[in-house]
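Student: I've got this one open on my screen and want to walk through a few bits of it. Can you help me find my way around?

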Amino acid sequence: MENNSDSYDLIVIGGGAAGFFTAIQTGEASYGAARILLLEKASKTLGKVKISGGGRCNVTHSCFDPKALTKHYPRGEKSLIGPFHHFQPTDMIEWLKDKGVELKTEADGRMFPTTDNSQTIIDCLTNAATEVGTEIKKSTEVISITPATSSRYQITTKAGETYFANHIMIATGGTRLKSSAMLAESLGHDLIPPVPSLFTFNIDDNRLKGIEGLSVQQAQTSVPNHKLSADGPILVTHWGLSGPAILKLSAWGARSLSECDYTFPLFVNWAPQADAAATIAQQRSEHGKRFVAKRSPIESLPRRLWEKLVEAANIDTSHTWSQINKQHIDALIEQIHRCPFQANGKSINKDEFVTCGGIPLKQIRTKTFESKLAEGIYFAGEVLDIDGITGGFNFQNAWTSSHLASQAIAQAVLNQEEE
C-alpha cells in the first residue's frame with residue numbers, strides 16, 4: 001500500500017558521482033520542492049570518487065570547447081556535443097567554487113581539488129545532498145522497478161522495502177555487474193555487452209625488469225594491428241606498462257583488444273621528440289671514446305632505461321661509441337623509436353574500473369537523459385554506453401548527464417506543484 005512516507009518525487013539508484021549530482025541538482029533546481037531518496041547497495045557512498053586519480057579525484061579536464069571535449073570519448077562522441085553545450089567543465093568548476101571547492105589544473109589538463117584529496121569532493125557532494133534534503137539509505141539493493149500507476153513506479157529492495165516515485169534515476173555504474181544490467185533490462189532496454197576500458201598492459205619482458213616505477217614523460221605508443229596510437233607519459237610497472245599513453249590505447253581499443261583476448265604486439269617510441277640517428281652520429285663524432293651504456297645522450301630517457309635499450313640492441317657494456325657497427329646502430333634506433341613488446345593480458349588501473357558498453361544512446365533522449373522506452377526513467381554516468389579516456393572525462397560525463405536529467409526532473413516537479 002502506497003503512503004506519503006514512502007513516496008518520493010525522485011528516487012536515485014546508485015550513490016556514486018552521477019547519483020549524488022542528480023539528487024543535488026534536482027533539489028537545487030526545484031528550490032527544495034522535490035522529495036528525494038538515494039539508495040546505495042554498498043555500505044559506503046562515493047567509493048569510486050574516493051579512489052579516483054590516485055586518491056586525489058580528477059574532477060574534470062580543462063577542455064572548454066564542447067566539440068573538442070567530445071573528441072576524448074571513444075564511445076558517445078557525437079551524442080555529447082549538445083549536452084556539453086549545456087553543461088561542460090566550466091560549469092562544474094563554477095558549481096564547485098560556489099560550494100567553496102577550488103580546483104587546480106595540471107600540465108596535461110587534468111583538474112583536481114587544490115587539497116589533492118578526494119575527500120574534499122566527497123564532503124562537498126555529501127553536504128550538498130544533505131542541504132537539499134536528500135534521504136540517503138546505504139546497504140540497500142534495489143531488485144525491481146515496476147509501474148505502480150500511470151505516472152509512478154514502485155521500487156522493491158532486497159530487504160523487502162517498497163518505495164514509490166514519479167521519477168527514477170538509474171546511476172548504478174558499469175553494467176558489468178548483473179545488478180546494474182538487470183534494472184535497465186527489466187525496463188525494456190537492450191545492453192551493449194560491457195568490456196573493460198582504461199586498463200594497463202601485462203608484458204613480461206627483460207627490458208622492463210628491475211626498472212619498475214620508472215616513467216618517461218613523453219612517449220608514443222601504437223598497436224598497428226588495431227590501428228591504435230596514443231601519446232603521453234608512460235610508466236613501467238611490476239606487471240608491464242601503464243600511464244596515460246597506455247590507458248588511452250586501452251580506451252580507444254577497448255572492444256578490439258577484448259576480441260583478441262588482450263594478446264597483441266605493442267610498439268613504444270620512447271623519445272618521439274628526439275632524432276636517434278642524428279644523436280648517435282653526433283656521439284660517434286664527438287664522444288667516440290665514451291662507453292655507449294654509461295649515460296643516456298637523450299635527455300628524456302632515464303639512464304636505467306637507456307641501459308636496458310642498449311643491452312637489447314646487443315651492445316656490450318664495454319663498447320664505446322666508436323666501436324659500434326651499423327647493425328648495432330640500427331638496433332639501437334629501433335629500441336628507441338619503435339621498441340617492440342608483446343602484450344599478454346591486462347590489469348586494472350589503480351583499482352579504478354571503467355567499462356565501455358551499457359545502454360545504447362539511441363534508446364535515450366540526450367537532451368534530458370530520459371529513457372525513450374519508459375517515461376520518468378533516467379540514466380546517467382557509466383551505465384550508459386559512454387566512456388572517456390583518462391583525464392577527468394568520465395567524471396565530466398557523469399556531471400553533464402546528471403545535470404541535464406535533474407533539470408528536466410526538477411521542472412516536472414515544479415509543474416506538478418503548480419497544478
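Student: Okay, which residue in β5 is the bridge partner of Leu-103?
Tutor: That's Pro-113. Keep in mind that this is a predicted model.

Student: And how many bridges hold β4 and β5 as a pair?
Tutor: Three bridges, and the two strands run in the antiparallel sense. β5 covers residues 110-113.

Student: What's the strand order in that sheet?
Tutor: The order is β3-β5-β4, in an open sheet with antiparallel pairing. The edges are β3 (60-61) and β4 (103-105), each pairing on one side only.

Student: Switching topic: what's the volume of the second largest pocket?
Tutor: About 290 Å³. There are 16 residues lining that pocket, and Ser-151, Asn-166, His-167, Glu-375 and Gly-376 lie nearest its centre.

Student: Which element gives the most to that lining?
Tutor: α13, with three residues. Elements giving two or more also include β7 (142-149), β8 (152-157) and β9 (162-170).

Student: Which residues make the contact?
Tutor: Among them are Phe-21 and Gln-25 of α1, plus Phe-395, Trp-399 and His-403 of α13. By class, the contact has 10 nonpolar, seven polar and no charged residues.

How values were computed
Residues numbered from 1 in each chain as written. Predicted model: local features only at pLDDT ≥ 70, side-chain atom pairs only at ≥ 80, totals over all residues. Heavy atoms only, no water. Pairing = 2+ DSSP bridges. Helix = DSSP H or I, 4+ residues; strand = E, 2+ residues; numbered from the N terminus. 1 Å grid on protein atoms, 1.4 Å probe; cavity = no way out; pocket = protein on both sides within 12 Å on 5 of 7 lines; lining within 4 Å. Points joined across faces, edges and corners; volume = space filled by probe spheres on them. Contact = heavy atoms within 4.5 Å. Nonpolar A, V, L, I, M, F, W, Y, C, P; charged D, E, K, R; others polar.
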